[in-house]
Each structure stands twice: as structure tokens, then as C-alpha cells.
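Morning, everyone. Let me put the model on the screen, and then we can walk through it.

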Amino acid sequence: MATSGPGGCIGMTTLYELADTKYPSKAISEGYAITAPSYLVAATTKRVPRSIEIRMRRRLDDADGEFLSRVVDAPAMMPNDFATEAFADIEGEDFDIIVQSFSDIIESISEVNCVAYGVEPDTVKRYHEVMANVGGPAHR
């Protein structure tokens, strides 16, 4: 439940002082409406991560954040090119899996799901704004 800003304060105050659930209910329902589509996609695909993705999770997350931050200043940078360089020390099928996983994350990253990858929503927002302005691939 959102508690920042004037609406959040009003919501918490009305809940505790007046037992009025209108504002907190609105925050919860809006949050559900925003996140439900992402959950639906995740639940229907039922994609099981491969062991290399699990072992490299932290490194993938770090690479996601670095790419999104760097592409704001270099919009021509492509996810596959970045991943190829970032994971050059991995060999064989594991390399292909990691590069594909990285590209899939970048393609689907949003201000809602980015926290799962340790990326700040503002970083993703800037990335999408830059991509929209340069006519680049708007990975949404």
C-alpha cells in the first residue's frame, strides 16, 4: 500500500483515525491492476530457470542495471552486444543461455517488474524515455 505523498498520509490517517478504508482500498486495487498483467504472464509461461541462470542471478541483475544506465548515454547500444561482452568468460551452451536470458529481461523490463532484478524504477523509466525519443527498440 502506498503511504508516500499526501494521498498516502490521508489514507493512513483515515484508516487509523476514522476506520475508513476508502483510500487504502483504492491504493491496493490500483496496485493490483498494475501488477496483475505481469503476474498473469509469469504464471502462464511457467518458465523454469536453468541452473546457469540461478548461479549467475546476481551477475545478471548487475548487468541489467549497468546496461540500462549506460544505454541512456549510448542509445545505439544493443542488449545482445552488451551481454556478449559482459559474459565473454562463459562458454558453450551456458553462454547462449545467459545472453538470451539477459536479452529477455531487457525486452520485458518495466517500472513494475524491475525490482525483481535489483533495478530502480527511475532507471527503467529513463531507459524507456530514451528509447522512445531516439526511435530505438522500446523494450516494454
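Ground rules. This is a predicted model, where local features need pLDDT of at least 70, side-chain atom pairs count only at pLDDT 80 or more, and totals for chains, interfaces and linings use all residues. Residues are numbered from 1 along each chain as its sequence is written, and side-chain values use heavy atoms, with hydrogens and water left out.

Start with α4, residues 57-71, and α7, residues 121-134. Helices here are DSSP runs (H or I, at least four residues), numbered from the N terminus. The two axes come within 9 Å and cross at roughly 45 degrees. That makes α4 oblique to α7. An axis is a line fitted to C-alpha atoms over the stretch in contact, and angles run from 0 to 180 degrees between N-to-C directions. Under 35 degrees counts as roughly parallel, over 145 as roughly antiparallel, 65 to 115 as roughly perpendicular, and the rest as oblique.

Which residues meet? From α4, Phe-67, Leu-68, Ser-69 and Val-71; from α7, Thr-123, Val-124, Tyr-127, Val-130 and Met-131. Contact means heavy atoms within 4.5 Å. The residues of this contact divide into 7 nonpolar, 2 polar and no charged.

Next, α4 against α6, residues 92-108. The angle is about 50 degrees, with the axes 10 Å apart. These two are therefore oblique to each other. On the α4 side we have Leu-60, Ala-63, Asp-64, Phe-67 and Leu-68. They meet Ile-98, Ser-101, Phe-102, Ile-105 and Ile-106 in α6.

Pro-79, Asn-80, Phe-82, Ala-83 and Thr-84 of α5 make the contact with Phe-95, Val-99, Phe-102, Ser-103 and Ile-106 of α6.

Now the rings. How many aromatic pairs does the structure hold? There are 5. Rings of Phe, Tyr and Trp (its six-membered ring) pair if their centres lie within 6.5 Å. One cluster is formed by Phe-67, Phe-82, Phe-87, Phe-102 and Tyr-127.

Last, charges. A search of the whole structure finds 6 salt bridges (a side-chain nitrogen of Lys or Arg within 4 Å of a carboxyl oxygen of Asp or Glu). One of them joins Glu-30 and Lys-26, with the closest N and O atoms 4.0 Å apart. Both sit in α2, residues 22-45. Being 4 residues apart there, they are separated by about one helical turn.

Notes. Phe/Tyr/Trp six-rings, centres within 6.5 Å; stacked < 30°, edge-to-face > 60°. Nonpolar A, V, L, I, M, F, W, Y, C, P; charged D, E, K, R; others polar.
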